[in-house]
Amino acid sequence: VDVHTVDWLAGPEGAALLATLPPYEEGRALAVGERLRRDGVDPAVVAAALTQSRLRARGVTKLGPEAATMLLTPDGLEQASRADVAALHAARFAAAGVRHVWDLGCGVGADARALADAGLSVTAVEADPVTAAVARANLAGRRGVRVVVGRAEEVVLPGGAGRAGQGAWLDPARRVTGVADARGRTRRVFRLSEVSPPWEVVQGVAARLPAVGAKFGPGFPHHEVPDGAQATWLSYGGEALECTLWWGDLVERPGRDVLVHDGTRWHILAPADSSGVPEAGGEVRPGDRLHDPDRAVLAAGLVGAVCAAVGGRESAPGSGYVVSRDGRATPWARCLEVVEVLPLQVKALRAWARSHDVGPLTLKKRGAWVDAEALRRQVRPRGSREATLVLTRLARPSGPAAVALWVRPCPDGSPGAR
Ligand SMILES: C[S@@+](CC[C@H](N)C(=O)[O-])C[C@H]1O[C@@H](n2cnc3c(N)ncnc32)[C@H](O)[C@@H]1O
């Protein structure tokens, strides 16, 4: 779409057309399109309207019910913040006494919307004119919000006494617009040097204003966390979504931590005093608990804090699995119970699968040098019972060992069940 089409869709005629469309169904889209064209609607407008209808239907899970009335672009939706995450961040600005936020690279405006809904005034800056037009449509009607087409690096931020109550939010693009990956989605970038606005610009803004937050991928390098800043790895529904950096008045605790949403609420995991945590390694026995940390915990390097929380130790240095005798419930790790400790050998696993009638087999792998799919083919589980094996290494007193831990979820209601 171009700016003209976006403006038309946002106007009274476009809104009226979009409102006549039935709830989006892939199978019915062609017929709906044909009907509109027969009614004399310009084919380009029909295509744009149907795209909106499809994106809105897709966007509801991420952006909430309001997605049904928003304008979206495929890239903009992919990159937009989840509504509840955006609300969480916006609340932080409000709680810190910020009154105005510069949203530098606002995309379709999901974060700007949350900031405005938290009572803050917002200047939303977006380099791409079409995306800016979309943001303008989405933010229309919200008080104190201004959308500007421009580059973050060119924005003149207030200085001196004008800085009071001023904050900035940056959510740099981690995609290369116009370049598709093998699945047809916009190619992602993983290196900090490739995000836009660039990392240096983010740091410059952080040095200028008293309250700044910025969102990066979960692979954010630990050594880049600036002194005095707070880096929070955030996970939602088991997916590590982002690493958010906070500066100045938005810092609650400098250093690294983790926020996990368990489907109901957020739980924070801060680095713990690990002086009482036993060294990694030791035997693992049937009945032990195996705590499989959330990906955000692994990305943040806070497995030690899970050890402290459950009274356990890592199965081997750097394995990322925490073993405890009777670890208590935590939202930061999936709790598994060890049924049997098996050698990581095809013959032994084949015999195990046969004697326990194992069929559908889930293989989880971390810290073991093994091709899990090749192993599955060799083990040939042909039975009827589902089973899960964790392929990992242990640091036993007798030496390192590659093992397959047969596990099942911790019994319901027991301590440690998630
Ligand atoms: C990840 S998206 C922002 C998503 C937004 N926070 C939301 O929740 O909808 C990043 C946006 O930054 C824009 N952008 C990239 N480089 C920029 C720059 N130098 N200045 C301003 N905007 C930029 C991109 O066009 C993209 O729309």
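User: Let's start with α3: which helices do its buried residues pack against?
Analyst: The buried residues of α3 pack against α2 (12-20) and α4 (43-63). Contact here means heavy atoms within 4.5 Å. Helices (H or I, at least four residues) and strands (E, at least two) are DSSP runs, numbered from the N terminus. One caution: this is a predicted model, where local features need pLDDT of at least 70, side-chain atom pairs count only at pLDDT 80 or more, and totals for chains, interfaces and linings use all residues. Residues are numbered from 1 along each chain as its sequence is written, and side-chain values use heavy atoms, with hydrogens and water left out.

User: Thanks! Which residues of α3 are buried?
Analyst: In α3 (residues 26-38) they are A29, V32, G33 and L36. Seen down the axis of α3, these buried residues fall within an arc of 105°, so they line one face of the helix. The arc is that of the directions from the helix axis to the C-beta atoms. Buried means under 20% relative accessible area, exposed over 50%, and partly exposed in between (1.4 Å probe, protein chains only).

User: New topic: is β9 largely enclosed or open?
Analyst: Seven of the 10 residues of strand β9 (residues 239-248) are buried, so β9 is largely enclosed by the rest of the structure.

User: Which strands is β9 joined to?
Analyst: Six bridges join β7 (residues 211-216) to β9, and the two run antiparallel. A211 stands opposite G248 in β9. Strand β8 (residues 230-236) is also antiparallel to β9, with seven bridges joining them, and Y236 stands opposite E239. Two strands pair if DSSP finds at least two bridges between them.

User: What sits between β8 and β9?
Analyst: Their hairpin has two residues between the strands, and G237 takes a positive phi near 55° there.

User: Last one: T388. Buried or exposed?
Analyst: T388 counts as buried, at 17% relative accessibility. It lies in strand β17 (residues 385-396).

User: What does T388 touch?
Analyst: Leaving out residues up to four places away in sequence, T388 touches T362, K364, L405, W406 and V407.
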